[in-house]
Amino acid sequence: MGYGYVSGNPLKWTDILGLVTFKPGPSGADVTGLQEEITKLYPTIDSTYEDLGHDEPVITSGTDSHEDKPGSLHNDGLAIDIRGNDKDESDNKKLADELQSRLDTQYGDGDYDVIFEDKPEEYDMLDHIHIEYDPDVPPTMREDMNNVKGDAYGYCPA
Amino acid sequence: MVIVRHSLGVLFTLFSASGFAFDQYLLKSIEQFDEFSHVAVERGSIFSCPSRTEECLIQQLNENVPLDNVDLFLKVSPGLIKPRFSTEIDGVRLDPDDELILLDYLMEGRSRILFEGKYYRWKVPRSFEKCAEPDNDLRYCWAELIRPASIERWMYVEQNHYGAYWVPWEYIEVLD
C-alpha cells in the first residue's frame with residue numbers, strides 16, 4: 001500500500017517545539033494549522049511511544065482531509081491522528097489507554113480524548129489513534145450531574 | 001413503502017415494508033468503499049433484500065461471481081440511549097425521560113443520534129462497558145446506553161446474469 005515511512009519528504013511538517021521526532025504521514029499530513037493545545041502534547045506522545053517500546057509516532061492527519069466532516073476538531077487544528085496500521089489491536093489499545101492516562105494526569109481530566117479508531121479487518125490500513133482537545137463538558141453539565149440525588153447511576157458525588 | 005431522507009450529507013433509506021422491521025435503517029456509506037473497485041462474491045448466499053430471512057433468500061452461490069456495480073450499505077438496527085440527568089447539549093434541552101435513537105458510529109468518538117426528528121453528532125456510550133466505571137467520562141456518560149445499536153454491512157450488487165441483489169459483506173472477496 002505504499003505506507004512505509006517517508007521521512008525524506010516532510011513537505012508540511014513543522015516541529016514547532018523542536019523536541020520530537022514525529023514523522024509526517026505518507027502524503028504529508030498538514031500540521032501547520034495545529035493549535036498549541038495539540039502541539040504541546042508532542043513530548044508526552046513521543047515519550048509514551050518510546051516507553052511502551054514502539055517506534056516514533058507518525059502523524060497521518062492534522063488539519064487536512066476533514067473538510068467533509070463538519071464538527072471535526074481536525075478542522076479547528078485541535079486534533080491529530082497517529083498511525084496505527086503498523087501495530088496490532090492490542091498494542092494500539094494499550095497506547096491509547098496510556099496516552100489518555102498521561103494526558104489526564106498532566107493536563108487534568110476531561111481536556112483530552114484519546115480514541116483508538118479500530119477499523120474493520122479489510123480497512124486495517126486506516127487504523128489510527130485519534131487525539132483531540134475536547135474539554136467541552138459544559139460546567140453546567142457537571143452541575144446537572146451533581147443535582148442528581150443519590151448514586152443511581154454510579155457517579156461519585158463531586 | 002420506501003422513505004428516503006437526506007440528513008448530514010448522508011442518504012438514509014428507511015424501509016417499512018418488504019419484510020424489514022420499521023425501525024431498521026440502511027445507511028449508504030461509500031466513502032471507504034471507493035478504494036475497492038473490484039470485488040467478487042466469494043461464497044454464501046444472495047438475497048433480494050438486506051435481511052437473512054428465508055423470504056429474502058434468492059439462492060446459494062457455489063462459485064465466484066464477478067460484480068459489475070456495487071455499493072456498500074450499513075444496515076443499522078437502532079439502539080436507544082437516555083440522558084442520565086437533565087442537561088443541555090448544543091442548545092438542545094435533554095431530560096431523563098427523553099429517548100434518543102442511537103445510529104452509526106461517525107468516528108472521533110461521535111455517533112449519529114436521532115432525537116425529535118433531527119440528527120446530531122454526539123459522544124455517547126456505544127457499549128455497556130464504556131461507562132461502567134464510577135469515574136466515567138462525562139463527555140460520553142451523560143447518557144445511559146439502554147440498547148446498543150446493531151450494525152451489519154451489506155453490499156447492493158447489480159450483475160447482468162443475476163440482476164440486482166444484496167450480499168452480506170462477509171461473502172465478498174476484495175480482488176484489488
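This is a predicted model: local features need pLDDT of at least 70, side-chain atom pairs count only at pLDDT 80 or more; totals for chains, interfaces and linings use all residues.
**Exercise 1. Trace the open sheet of five strands in chain B and give its order.**

Step 1. Write down the order: E14-E13-E12-E9-E15, with antiparallel pairing.

Step 2. Strand E14 (118-123) and strand E15 (143-147) of chain B each pair on one side only.

Step 3. From one strand to the next it averages 40°.

Step 4. Recall what holds such a sheet together. Strands pair through backbone hydrogen bonds, parallel or antiparallel.

Step 5. Chain B has one helix and 18 strands. Of its 176 residues, 30% are buried. Take the contacts between residues at least 6 apart in sequence: 52% of them join residues at least 24 apart.

**Exercise 2. Walk across the sheet and name bridge partners along the way.**

Step 1. Start at strand E9 (residues 79-83) of chain B. Four bridges link E9 to E15(B), in the antiparallel sense. B:Pro83 has B:Ala143 in E15(B) as its bridge partner.

Step 2. Go to strand E12 (residues 100-105) of chain B. E12 runs antiparallel to strand E13 (residues 110-115) of chain B, and three bridges join them. B:Ile101 is bridged to B:Leu114 in E13(B).

Step 3. Continue from E13(B) to E14(B). Six bridges pair these strands in the antiparallel sense. Here B:Leu114 has B:Tyr119 in E14(B) as its bridge partner.

**Exercise 3. Which residues take a positive phi in the two hairpins?**

Step 1. Take the hairpin of E12(B) and E13(B). Four residues lie between the strands, and B:Met107 has a positive phi near 80°.

Step 2. Take the hairpin of E13(B) and E14(B). Two residues lie between these strands. In the turn, B:Glu116 has a positive phi of about 50°.

**Exercise 4. Which residues touch the most other members of the largest nonpolar core?**

Step 1. The core has 25 residues. A:Ile38, A:Ile80, A:Leu99, A:Val114, A:Ile129 and A:Ile131 touch the most other members.

Step 2. List contributors. Elements giving two or more residues include helix H2 (42-51), helix H3 (89-107) and strand E5 (128-133) of chain A. H3(A) gives the largest share, four residues.

Step 3. Zoom in on A:Leu99. Leaving out residues up to four places away in sequence, A:Leu99 touches A:Ile45, A:Thr48, A:Val114 and A:Ile131.

Step 4. Turn to the second core. This separate core has 18 residues, including B:Leu94, B:Trp122, B:Leu138 and B:Leu145.

**Exercise 5. Where in chain A is confidence lowest, and where is it highest?**

Step 1. Begin with the average. Chain A has a mean pLDDT of 75, and 62% of its residues score at least 70.

Step 2. Strand E1 (residues 23-24) of chain A is lowest, at a mean of 47, and E5(A) is highest, at 95.

Step 3. Over residues 1-25 of chain A, pLDDT stays under 50. Over residues 150-158 of chain A, pLDDT is also below 50.

Note on methods: Residues are numbered from 1 along each chain as its sequence is written. Chains are lettered from A and ligands numbered from 1 in the order in which they are written. Two strands pair if DSSP finds at least two bridges between them. Axes are lines fitted to C-alpha atoms, for helices over the stretch in contact, and angles run from 0 to 180 degrees between N-to-C directions. A residue is buried if 20 or more other C-beta atoms lie within 10 Å of its own, exposed if 12 or fewer, and partly exposed in between; C-beta atoms are placed from the backbone. Two residues are in contact if their C-beta atoms, placed from the backbone, lie within 7 Å. A nonpolar core is a set of buried Ala, Val, Leu, Ile, Met, Phe, Trp, Tyr and Cys residues joined through C-beta atoms within 7 Å. pLDDT is the predictor's confidence in each residue, from 0 to 100.
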